[in-house]
Amino acid sequence: MPAPVLESFAAALYQELSPLALQDEANSWALAYYLASIGEGFQIVEDLARDTPTRPGWASLLDPQTAPSYALDWLGQFVGVEIPVGVTEQAKRDLIQDLAGWRRGTPGSIRAAVQLYLTGTKEVVITERDTSPYHFEVATRFSETPVAEWAATNLNQNGGAETNATGYGSMAAATVTRDTTVFKSGVASIKTVTPATSGAGVQYGIVTAQPVTVGKKYSFGVWVNAPLGQAMNLAIDWRTAADANVSTINQAFVGTGTWQYVKIDGATAPATSTKARTNINITTATIVTFYADEWQFEQNDAATPYVATNGATAARAAGTVNMLRAILTQKPAGLQFTYVVVPSWTYNDLDARAGTYDALDALYGTYDQMEDAP
Ligand SMILES: [Ca+2]
């Protein structure tokens with residue numbers, strides 16, 4: 001048996017006990033192994049506390065660039081920096097180094113906290129005193145904000161089929177039932193068994209309408225478990241108030257033999273449409289069984305993560321993953337705020353949200369003036 005490699009604390013202990021170690025090699029290094037296990041608990045303190053040729057003991061722990069990663073959240077407390085969830089190790093080091101906590105309560109610190117989760121140009125617009133002196137609004141762009149942070153309302157009132165199959169209908173004589181043996185989440189999914197008819201499948205929105213507004217963008221996302229290689233189609237079927245078809249958006253996909261997420265992003269509701277059906281169907285003349293779960297139809301530029309429904313529409317507020325918490329840790333005490341994700345920053349886009357931006361209009365005649373404002 002080889003001798004164990006002793007770290008500094010155990011090695012020092014072994015040195016102290018060397019008179020007892022003469023027979024250690026003949027005894028499979030029993031003493032060395034014993035001291036190695038004792039030393040393990042002390043080694044972490046030894047590493048931090050020991051003087052080095054260039055620095056005194058404990059110095060590395062109190063330096064945000066050299067502190068071990070496990071100590072960063074603790075170190076942040078010395079300068080009032082609350083480390084947000086889910087940021088990289090380097091971002092944590094930089095937050096502490098920048099003394100972000102010393103600027104807490106300022107627009108700059110709120111902006112920086114939000115930007116940790118954005119991509120691209122990471123633009124953040126903060127509108128102070130937007131509805132009262134004690135309220136402000138934080139807005140970020142759709143294109144730079146993770147879709148999980150977007151607000152969403154699932155217009156499919158039975159997206160998970162957790163209680164029944166209400167609202168789902170058959171296309172081309174397929175058999176549509178609720179199934180509790182195969183599901184993506186919860187306890188059930190929607191099971192469809194097709195006849196050998198292309199176009200057979202399942203749809204939602206006949207019994208329980210999914211209302212739409214002309215000109216607005218809608219997205220359809222759903223998890224489907226269909227046989228490997230099966231040619232499938234996803235569709236949004238726009239309907240008039242009298243339930244006549246206006247037009248249909250199709251998106252082909254192929255079954256994978258397991259659960260896969262398929263979607264149609266940002267389709268605009270055409271003129272005369274008042275509601276939409278959402279469909280999943282086969283495009284071959286084959287008898288097929290497939291399942292669907294976490295079915296979501298929403299007014300959004302892109303499909304966002306599932307908002308669970310079970311008998312009624314359900315909504316998720318913007319920023320519930322990370323943004324709201326990030327703003328909470330940085331905002332001035334006593335102030336309230338709203339977080340929104342908006343399409344873009346053209347002045348017309350902002351102006352269209354007149355309820356929020358009336359005050360802005362009064363202050364700044366043009367978008368450029370607003371941009372240049374401090
Ligand atoms: Ca389910």
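Biologist: Which residues does T163 touch, not counting residues up to four places away in sequence?
Modeller: This is a predicted model, in which local features need pLDDT of at least 70 and side-chain atom pairs count only at pLDDT 80 or more, while totals for chains, interfaces and linings use all residues. Residues are numbered from 1 along each chain as its sequence is written. T163 lies in the loop between β3 (152–154) and β4 (168–171), where strands are DSSP runs of E with at least two residues, helices are runs of H or I with at least four, and both are numbered from the N terminus. If contact means that C-beta atoms placed from the backbone lie within 7 Å, then, leaving out residues up to four places away in sequence, T163 touches N310 and G311.

Biologist: How far apart in space are T163 and N310, C-alpha to C-alpha?
Modeller: T163 is partly exposed, with 13 other C-beta atoms within 10 Å; a residue is buried with 20 or more such atoms, exposed with 12 or fewer, and partly exposed in between, the C-beta atoms being placed from the backbone. Although T163 and N310 are 147 residues apart in sequence, their C-alpha to C-alpha separation in space is 7.0 Å.

Biologist: With which residues is W238 in contact, leaving aside its neighbours within four places in sequence?
Modeller: W238 lies in strand β10 (residues 231–239), and it counts as buried because 24 other C-beta atoms lie within 10 Å. I249 is 11 residues from W238 in sequence and 8.3 Å from it in space, C-alpha to C-alpha. Leaving aside the neighbours within four places in sequence, the contacts of W238 are V246, S247, A269, P270, S273 and A276.

Biologist: At what angle do the axes of α5 and α6 cross?
Modeller: Two packed helices are described by the angle between their axes and the distance between the axes. The axes here are lines fitted to C-alpha atoms over the stretch in contact, with angles between N-to-C directions running from 0 to 180 degrees. Helix α5 (residues 107–115) and helix α6 (residues 323–330) have axes that come within 9 Å and cross at roughly 155°.

Biologist: Which residues of α6 does α5 meet?
Modeller: On the α5 side, the residues of this contact are S109, I110, A113 and V114, and on the α6 side they are M323, A326, I327, T329 and Q330.  The residues of the contact divide into 6 nonpolar, 3 polar and no charged, where Ala, Val, Leu, Ile, Met, Phe, Trp, Tyr, Cys and Pro count as nonpolar, Asp, Glu, Lys and Arg as charged, and the others, Gly among them, as polar. The residues of α6 that α5 meets are therefore M323, A326, I327, T329 and Q330.

Biologist: Against which elements do the buried residues of α6 pack?
Modeller: The buried residues of α6 are M323, A326, I327 and Q330. They cover an arc of only 95° around the axis, taken over the directions from the helix axis to the C-beta atoms, which puts them on the same side of α6. The buried residues of α6 pack against α5, β2 and β16 (336–342).

Biologist: What is the phi of K122?
Modeller: K122 is found in the loop between α5 and β1 (124–128), and with 16 C-beta neighbours inside 10 Å it counts as partly exposed. Although K122 is not a glycine, its phi is positive, at about 55°.

How values were computed: Two residues are in contact if their C-beta atoms, placed from the backbone, lie within 7 Å.
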